[in-house]
Amino acid sequence: MKTIAKRIIGLVLALAIVAGLVPVTGVLDIEAQAATVNYAPMPNYIQDGVTLHCWNWSIANIRANLGLIANSGYSAIQLSPMQELKETSVNKPYDNWWVVYQPISFNLNTKADHAVGTKSELIQLCKEAHKYGLKVIMDVVCNHTANGGAANTLCPQVDPDILNDPNCWHDYRTNSWDYSDRYNITQYCMAGLPDLNTGNKKVQQKALDMLKEYIDCGVDGFRWDAAKQIETPNDVYCSSDFWPTVINAANSYASSTRGIYLYHYGELLENADTRNSLHMSAYTQYMSVTESVWSNDVRYKLEDHNAWGLRKEYFKETTPDKMVLWAESHDTFGDKSSIYTSQYNLDKAWSLVTSRAYTMALFFPRANDMLYQEMGELAKVSWTSKLTTEVNKFHNHFAGQSECLTQAGNSNLYYNERGNSGIIITNFNDGGRDINIPVYAMANGTYYDQITGNQFTVSGGRLYGAMGDTGVAVVYNPGTKSCSHSSHGSDGYCYSCYAYVGHKSGTKCSTCGTASTRTIYFNNTAGWSTPYIYGWHDNGGAGTAG
């Protein structure tokens, strides 16, 4: 009877992990996992890894889930802007996400009216995140400020040193209308938000001071909002030295004060200039950039069940080691252009995007409900699913190794071989299937799908096996790692080797002093008001979590 009970508990855990992790309020003292685990080393450089976009999550919620984030294969977290705002973002639903993109200064928030948190909380988050090997990226807004409540007006709450200096502004009464014209998009306003004169030395210094303040907090990199709207030294009629002045000085500061290599990536939709007068290198000499067109096209073609329709080549005029890819972004979700794509197809899009070599993969977790979920709350749990976790770990495992991307339209498959020992297969049709495909890089041998555990075989230049119902197979042998370090957190995550090994059963952690406990997770699809989970010990006792 006790053996059956254990199997039931194991089944609950397995189903919960596959469905997505939602913690119930309770912990059962059950057998901890062994100290030998499947191991994927965490990349040290952000570009080589996977970043979780903690879109408008509060710092408190992020800190409470750092172990789960790291164990799910993410190597970095990205926070929403934490600059001072013209209005509170607390108690606002997610469809008010634009509030954090209307700052009034380059100062970090210190008040309780910001849903993300305060500067003091950020300092603590960075310390904790670094224990898990996680890097911290901040979203920064330097192109514009908040408006005054109406488009193309100055907000009276803006830092008076900027507000009262006309040299700090472009023509804030005129909106940009030609996205292909560099002068137009860099010198006029985006959506009625007053455009800062980013060529002005005072504006540049304030932006740099903000970055230094973030670096002192422990931040490791920056996402530059509206980077395409900020001119470069290579622009013909609207050039400025904003990027070399601010980024180079920030890099030097981070290196001298913390000994780190600062990471930057910019929001650049399409190419730098669709008229081809400005090459992408005008930006990539300073930062990585978003490859939005190819990323979004993956989603479109999966919705159409059309593997032939997705081109293998990127649209951006740069190399993969300067690209950031996604399956969905906060912009496409916020403007509802991707909101009707099913999570099933988003998961498959993520598998293909994250299989790519040398790129940084950015995972956007959807809000549970744009109208009713408040900013600061955690989003849906797709970011912890079995599929997502295994794809992330595959990406980390093969960091720096070559790719061989195959578009098999006759079978409606896309698959990417990494190095000579791994492959991710994405099915553009629904459901699982038997796999019998030619491979061009993988060595002969036996491999395992990390999602289903199914065996795959490579022989004579072909791969054989069975794909599960997710429509994705993550096929490689990650290996194992034994951890004997004592530097474990209360969640069993090792701060020395960044492996999630748990605690030895029946003992206490030598660092945190807690007994071996494991949290049970499940997805409450039935909408039960108070779920109860029962477990039985070998000594006949019972435990309950409700």
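So, which residue is buried yet has no salt bridge? Let's start there, at Asp449. Before I go further, one note: this is a predicted model, where local features need pLDDT of at least 70, side-chain atom pairs count only at pLDDT 80 or more, and totals for chains, interfaces and linings use all residues. Residues are numbered from 1 along each chain as its sequence is written, and side-chain values use heavy atoms, with hydrogens and water left out.

Okay, Asp449. You'll find Asp449 in the loop between strand S17, residues 445-448, and strand S18, residues 455-459. Strands here are DSSP runs of E with at least two residues, helices are runs of H or I with at least four, and both are numbered from the N terminus. When I say buried, I mean under 20% relative accessible area; exposed is over 50%, and partly exposed is in between, using a 1.4 Å probe and protein chains only. A salt bridge would be a side-chain nitrogen of Lys or Arg within 4 Å of a carboxyl oxygen of Asp or Glu. For charge, Lys and Arg count as positive and Asp and Glu as negative, while His and the chain ends are not counted. For Asp449, the nearest side chain of opposite charge is Lys386, and that's 8.6 Å away.

What does lie by the Asp449 side chain, then? The backbone nitrogen of Val474 is 2.9 Å from one of its polar atoms. Leaving aside residues up to four places away in sequence, Asp449 touches Asn454, Phe456, Val472, Ala473, Val474 and Val475, contact being heavy atoms within 4.5 Å.

S17 and S18 belong to an open sheet of four strands, ordered S16-S19-S18-S17, with antiparallel pairing. Two strands pair if DSSP finds at least two bridges between them. S16, residues 433-438, and S17 are the edges; each has a single partner strand, so one side of each has no neighbour in the sheet. On average, neighbouring strands of this sheet are turned by 20° against each other, direction ignored. Axes, by the way, are lines fitted to C-alpha atoms, for helices over the stretch in contact, and angles run from 0 to 180 degrees between N-to-C directions.

On to the barrel. Eight strands close up in the order S3-S4-S7-S8-S9-S10-S11-S12, and the pairing is parallel. Let me zoom in on S4, residues 76-79. On one side, S4 pairs in parallel with S3, residues 50-54, over four bridges; Leu52 stands opposite Ile77 and Cys54 opposite Leu79. S4 is also joined to S7 by four bridges, again running parallel, and Gln78 has Ile137 of S7 as its bridge partner.

Which way do the S4 residues point? Ala76 and Gln78 go one way, Ile77 and Leu79 go the other, and all are buried. That's what you'd expect, because side chains in a regular strand alternate between the two faces of the sheet. Helix H4, residues 119-131, packs on this sheet and touches S4 and S7 (135-140), with its direction at about 165° to that of S4.

Asn152 sits between S7 and helix H5, residues 160-163, and counts as buried because its relative accessible area is 16%. The backbone oxygen of Tyr172 lies 3.1 Å from a polar atom of the Asn152 side chain. Ser382, between strand S12 (360-363) and helix H13 (386-397), is buried too, at 12%. Ser382 touches Gln343, Phe363 and Thr388, again leaving out residues up to four places away in sequence.

Ala191 isn't a glycine, but its phi is positive, near 55°; Ala191 lies between helices H6 (182-187) and H7 (201-217) and is exposed at 69%. Lys336 also has a positive phi, about 70°, and is partly exposed at 46%.

Last, the whole chain: 13 helices and 24 strands, with 56% of its 546 residues buried. Of the contacts between residues at least 6 apart in sequence, 69% join residues at least 24 apart.

Notes
Polar contact = N/O pair within 3.5 Å; in protein donor to acceptor, adjacent residues only side chain to side chain.
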